[in-house]
Amino acid sequence: MPDTYSYPAELERDEDGRHVVTFPDFGWGATDGATRGEALEEASDLLRELIAATIREGEALPRPSRADERRPLVVPPLQIALKAAFYEAWREAGISQRRLARDLGIAESEVRRMLNPDHGTKAAAIDRALRRLGKRVTVSVAA
C-alpha cells in the first residue's frame, strides 16, 4: 500500500510547443497546457482521474516512483487521496464490505459510497474507517 498518493509526472513539449504531462507509474493518460504551470495544474485533475479509474476497476494503485528535477511530483486533490488510502487499506485488510460496515456500525451501502471515488465522503468518516483498518491519516503542508 502506498503511503502517499502524489506521483511524479513526465513533461515533454509536443510539435505545437505545448507541454504534455504523463504519469509513467500508471502507463496511460495524458494532459497538456500552453505553459509548464498550466500543464501541471491540469496534471492534478488527470491524476485524480487515474486514481479514480484504478479504484473503479478494482485494481491496486501503483507505488509512486521517485520524483526528481525532470519529473516533478504532482499532488492529487485531497478527497481522492483520502479515498485512495481507504481503498488500499480495505484491499490490504482482505475483508468484505459487509464486514467492514458491521465493524463500523454503518450500512453496507455507506461503505460502498465511501469506496466510490466519485461520491463525496466526509474526511472524518474516511479517517474513522482508516483507523478501524489500523491506519491513520497524516497531513503535511508544503510551499
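Q: Helices are DSSP runs of H or I with at least four residues, strands are runs of E with at least two, and both are numbered from the N terminus; what pattern does the protein follow when read along the sequence?
A: The model is a predicted one. The pattern along the sequence is β-β-β-β-α-β-α-α-α-α, and the secondary structure comes to 5 helices and 5 strands. Along the principal axes, the C-alpha atoms fill a box of roughly 55 × 30 × 20 Å. Of the 143 residues, 37% are buried.

Q: Which residues make the contact of α2 with α4, and what is its composition by class?
A: From α2 come K83, F86, Y87 and W90, and from α4 come V111, R113, M114 and L115. By class, there are 6 nonpolar and 2 charged residues, with no polar residue.

Q: Why is the ring pair of Y87 and W90 called tilted?
A: A pair of aromatic rings is described by the distance of the centres and the angle of the planes. By the pairing rule, the count comes to 2 aromatic pairs. For Y87 and W90, the ring centres are 6.5 Å apart and the planes stand at 40°. Stacked requires under 30 degrees and edge-to-face over 60, so the pair is tilted.

Q: What makes about one helical turn the separation of Y87 and W90, and are these residues buried or exposed?
A: Y87 and W90 are 3 residues apart in helix α2, which means a separation of about one helical turn. Both Y87 and W90 are buried. Other buried residues of α2 include I80, L82 and F86. The cover over the buried residues of α2 includes α1 (36–56), α3 (97–104), α4 and α5 (123–132).

Q: Why is T54 called buried?
A: T54, found in helix α1, has a relative accessible area of 8%. The limit for buried is under 20%, so T54 is buried. Leaving aside neighbours within four places in sequence, T54 is in contact with F26, E59, A60, L61 and Y87. The buried residues of α1 also include L46, L50 and I55.

Q: Why is A125 called partly exposed?
A: A125 lies in helix α5 and has a relative accessible area of 30%. Buried needs under 20% and exposed over 50%, so A125 is partly exposed. The C-alpha atom of A125 is 8.3 Å from that of M114, and these residues are 11 apart along the chain.

Key:
Residues numbered from 1 in each chain as written. Predicted model: local features only at pLDDT ≥ 70, side-chain atom pairs only at ≥ 80, totals over all residues. Heavy atoms only, no water. Contact = heavy atoms within 4.5 Å. Nonpolar A, V, L, I, M, F, W, Y, C, P; charged D, E, K, R; others polar. Phe/Tyr/Trp six-rings, centres within 6.5 Å; stacked < 30°, edge-to-face > 60°. Buried < 20%, exposed > 50% of the residue type's maximum accessible area, 1.4 Å probe, protein only.
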